[in-house]
Amino acid sequence: MHTSGLHILIIDDDAERRTELHRCCEFLELECHDFDFVTWLQQGKSVELSGIVGVLLGESSLPISLNKLIAELDAHGRMLPKVLVCDWHELSPEQFSPSGILGRLEPPFTYSAMLDLLHRCYVFNASNADDAVSGLDELVGQSGSIREVKRLIIQVAARDINVMITGESGTGKEVVARCLHEHSSRCNGPFVPVNCGAIPGELLESELFGHEKGAFTGAISSRAGRFELAQGGTLFLDEIGDMPLPMQVKLLRVLQERQFERVGGNRTIDADVRVVAATHKDLESMIDAGEFREDLYYRLNVFPIEMPPLRERLDDLPLLVNALIARLKEQGMGGYRFHPSAMESLLRHPWAGNVRELANLLERLAIIHPGGVVGVSELPPKFRHVDEPDPSRYEVLDPADAGERTPGSAADAIPTPVASASDDVELPEQGIELKAFLEKLERSLIYQALERCGNVVARAADELGVRRTTLVEKMRKYGIERR
């Protein structure tokens, strides 16, 4: 069985036509598997269909159903593009597309006709590629732009070449880098990330290549750099646009020669590393300004992948919200849900910080509203882009905020204090720590309210005239747990 190149499958009982098609495929440098129908039914399962880019179907002398044959060809989880080289009367042209049949190839089988056929198969395979690959689950989304990113990852992951990931800050460039690593032949090796913008320029060389003892002041022992730590795996150079020019020269040398030395050392070390770089900057503009080396850019940018900003793939927002909340629950934080109006408000947000901004918001809400339902009024002010659909419900739930009490509430039984000299708390002669005194008083009142209400937080909050979420925050602050 062939293991490389483009593969074409021919099934035809017309031996002369099968030979002619085989000759045309070989001329196009295609690996060809050709069978008559009897041989295909007996030996066809030995052909690895996942590597087939197209099928040429001729006439059969057997009483075989074309529908059954098509089902067998597509039984491996992928619809193969098929081209008829003779009439099959049991299928009308209207049934071609649902069956993956691109049409009929008419003789003579010229070079241009075969090349056009190959292109049609390529376009069909690209548009019907299955991007739901195990391991790409972290790259959440089904929008067209994110599907394209997944397709590029699948295409390049297995090829040991340098990749450049571009996109705004917070779009998930490191997630793409990890997906590339996990689907590569280096997946069993280490994945080592380095943020080039977070390390001072004078320390970056030592950080990347390591140093020997005494190489510089403070080097009290030898230390391996990130290139050594990533041996056999992937080195992820994040924010490569922040790398100083002198360091760019040294990195270029390593990429060219695949070797390096530690700072202060003379032993040459082979660099068995795949480099994936990422940046939110416009490197081509930096090249024009003399701030980034053009030769390094082309070394790193062998295969570019651009991550779209969140505002350009808002269809993915509900999926991202669900995935990020599920991740927070796995980390032991409270899960919660969004009211439809709140989700509509999030869909109108500009998301300048992209997925990172969304993740930060969801973590904050998990702390404030564990197990709750988040409406528009529970969102931080900057995320409120629609009006609260029912403001009156907050007057009922929190009458203290509305400046009134509902009849029969616990607050009605407590008379409003009247300011007088006898009501004043007497200040001790030695003074007082007001903050500590108030915290002690607040803690005591919370304990009393919980005990009176049988540790039902919602009822205790009503006793104290505060929202349930406010009481939960104060209980967390003082380390108070339900008994």
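Lys 474, at 26% relative accessibility, counts as partly exposed; that class lies between buried, under 20% relative accessible area, and exposed, over 50%, using a 1.4 Å probe and protein chains only. This is a predicted model, where local features need pLDDT of at least 70 and side-chain atom pairs count only at pLDDT 80 or more, while totals for chains, interfaces and linings use all residues. Residues are numbered from 1 along each chain as its sequence is written, and side-chain values use heavy atoms, with hydrogens and water left out.

Back to Lys 474. Its side chain forms a salt bridge with that of Glu 442, at 3.0 Å, N to O. The pair links distant parts of the chain, with Lys 474 in helix H19 (residues 468-478) and Glu 442 in helix H17 (residues 434-452), 32 residues apart. Glu 442 is partly exposed too, with a relative accessible area of 25%. A salt bridge here is a side-chain nitrogen of Lys or Arg within 4 Å of a carboxyl oxygen of Asp or Glu. Helices (H or I, at least four residues) are DSSP runs, numbered from the N terminus, as are strands (E, at least two).

The structure holds 25 salt bridges. One of them joins the side chains of Arg 253 and Glu 257 at 3.6 Å, N to O. These two are about one helical turn apart, because they sit four residues apart in helix H9 (residues 245-257).

Last, Arg 262, in the loop between strand S9 (259-260) and strand S10 (269-270). Arg 262 counts as buried, at 15% relative accessibility.
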